Every structure is written in C-alpha cells, then in structure tokens.
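Please walk through this model from its overall fold down to its charged and nonpolar surface groups.

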Amino acid sequence: MAITVRDIRSKQFTTQRSGYNKDEVDDFLDELADQLEELIKENLSLAKQLKERPVVESEPVIIEKPVEIIKREEPKHEVAPVAAADSAYDEPSYFKNLETTLRETLINAQRIADETVAEARKKSKQMVASAEEQANAMLASAKVDTEAARKEAEEIRKAAGDYRARFIQLVEDQMHILKADDLLFE
C-alpha cells in the first residue's frame with residue numbers, strides 16, 4: 001500500500017507513558033508531508049514536460065541535476081496540498097523508497113531515544129553513587145567529630161570535678177584555719 005500525503009497528515013500514534021513527544025512527531029510528519037507534496041508536484045511537472053516534449057531517437061537525454069528523494073532543507077515557499085486529480089504520479093517504487101526512509105527514520109529516532117534514556121539512567125546511577133559516597137564521608141566525619149566532642153566533654157567534666165574537689169579542700173582548710181584562730185584568741 002502506497003503512503004500518500006493525506007496518510008501522513010492524518011496519521012495518529014498511540015500514546016505511551018515513555019513514548020515520543022507528540023508535538024515533535026506531529027511537526028516531523030507535517031514537514032515530511034510538505035516535502036512529499038513538493039516532490040510530487042515537481043515530479044508531476046517533470047512528467048508533464050516529458051510528455052509534451054517530442055523525443056528524437058538519436059538525441060541523448062542529459063540529466064543536469066539529480067533530483068533528491070528527500071530534501072534536508074526547509075521549503076522556501078508554502079506548497080498547496082496535492083489534489084486527488086493531481087495524483088497521476090503513483091509510482092510504487094517511489095513510495096516504497098519513501099516508506100523505507102520513514103521506517104529507517106523512526107527506527108533511528110527510537111534508537112536515539114533508547115540511548116538517551118540509557119545515558120540518563122547511567123548518569124542518575126552515578127549521581128546516586130556520588131551522593132552516597134558524600135553521605136558516607138559526612139557520616140564518618142560526624143562520627144569522628146562526635147567522638148572528639150565526647151572526649152572533650154569528658155575532659156571538661158573531669159577538670160570541673162578536680163576544680164570542685166580542690167575548691168572544697170580550700171574552703172575546708174580555710175575553715176580549719178579560722179577555727180584554729182578562734183582557739184588561739186580564746
């Protein structure tokens with residue numbers, strides 16, 4: 001079955017959760033339909049010129065410029081849709097080539113999408129691994145800091161206890177001296 005411009009314009013794809021961007025597919029199909037219309041018009045014009053031109057047996061046919069099947073540049077002007085009456089040019093090999101090109105384009109787009117998803121998954125795994133490494137390093141650092149703080153707090157408690165004991169001893173010694181002075185002056 002030959003694909004027509006109308007088939008391309010009316011083609012609807014089913015949507016999937018991780019499928020293609022619908023707007024990009026629609027834009028691509030519109031661009032493809034425009035280029036196909038332009039090529040069909042050009043081929044019809046050339047076929048008409050060929051029919052109108054008398055062919056002389058001894059005259060060689062010279063092709064000045066080969067015609068591209070699919071042009072890679074944007075059309076320079078708007079192309080009107082091809083009417084049903086203009087579709088006299090219906091060469092099966094042309095449409096077969098077009099179908100093959102479309103199929104290859106969609107396969108390449110799917111491959112690129114798959115590669116992009118795989119690369120994104122790889123990057124996300126790397127990011128998660130990096131974040132886990134950073135978290136582990138931070139935990140280890142926090143454990144070291146906590147242990148150091150614990151030791152410092154223990155040293156402060158010990159120093160405070162020593163200070164308290166010496167202060168109590170000082171007060172008791174002073175009390176003893178004061179009591180001794182009272183005994184002397186009695």
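Salt bridges along a helix

The side chains of Arg103 and Glu99 form a salt bridge with an N to O distance of 3.0 Å, and Arg103 counts as partly exposed because its relative accessibility is 45%. Here buried means under 20% relative accessible area, exposed over 50%, and partly exposed in between, with a 1.4 Å probe and protein chains only. A salt bridge is a side-chain nitrogen of Lys or Arg within 4 Å of a carboxyl oxygen of Asp or Glu.

The model is predicted, so local features need pLDDT of at least 70 and side-chain atom pairs count only at pLDDT 80 or more, while totals for chains, interfaces and linings use all residues. Residues are numbered from 1 along each chain as its sequence is written, and side-chain values use heavy atoms, with hydrogens and water left out.

The protein has 3 helices and 0 strands, and its elements run α-α-α from the N terminus on. Helices are DSSP runs of H or I with at least four residues, strands are runs of E with at least two, and both are numbered from the N terminus. Of the 186 residues, 11% count as buried.

The salt-bridge rule gives a count of 4. Arg103 and Glu99 are 4 residues apart in helix H3 (residues 92–184), so about one helical turn separates them. Glu115 and Arg111 make another bridge, at 3.1 Å from N to O. These two residues are also in helix H3, and because they are 4 residues apart, about one helical turn lies between them. Glu115 is partly exposed, with a relative accessible area of 45%, and Arg111 is partly exposed at 40%.

Glu147 pairs with Arg150, and the closest N and O atoms of this salt bridge are 3.4 Å apart. In this case the residues are 3 apart in helix H3, which again means a separation of about one helical turn. Glu147 has a relative accessible area of 35% and is therefore partly exposed, whereas Arg150 counts as exposed at 52% relative accessibility.

Helix H3 also holds Val171, which is partly exposed with a relative accessible area of 37%. Val171 belongs to a nonpolar surface patch with Tyr163, Phe167, Leu170 and Met175, and together they have about 500 Å² of accessible area. Patches are made of residues with over 30% relative accessible area and no salt bridge; like charges are joined within 9 Å, and nonpolar side chains (Val, Leu, Ile, Met, Phe, Trp, Tyr) within 5 Å. Accessible areas come from the Shrake-Rupley method with a 1.4 Å probe, and for residues only the protein chains shown count as cover.

A negative surface patch is formed by Asp23, Glu24, Asp27, Asp30 and Glu31. For charges, Lys and Arg count as positive and Asp and Glu as negative, with His and the chain ends not counted; the place of a charge is NZ of Lys, CZ of Arg, CG of Asp or CD of Glu. Glu24 is in helix H2 (residues 22–52) and counts as exposed, because its relative accessibility is 55%.

An unreviewed UniProt entry places a "coiled-coil region" at residues 22–53; UniProt positions follow the numbering used here, feature names are shortened, and annotations may be inferred rather than shown by experiment. In the model this span is 97% helix and 0% strand, with its end C-alpha atoms 46 Å apart.

Phe13 lies in the loop between helix H1 (5–10) and H2 and is partly exposed, with a relative accessible area of 39%. Phe13 and Val25 are 12 residues apart in sequence, and their C-alpha atoms are 8.9 Å apart in space.
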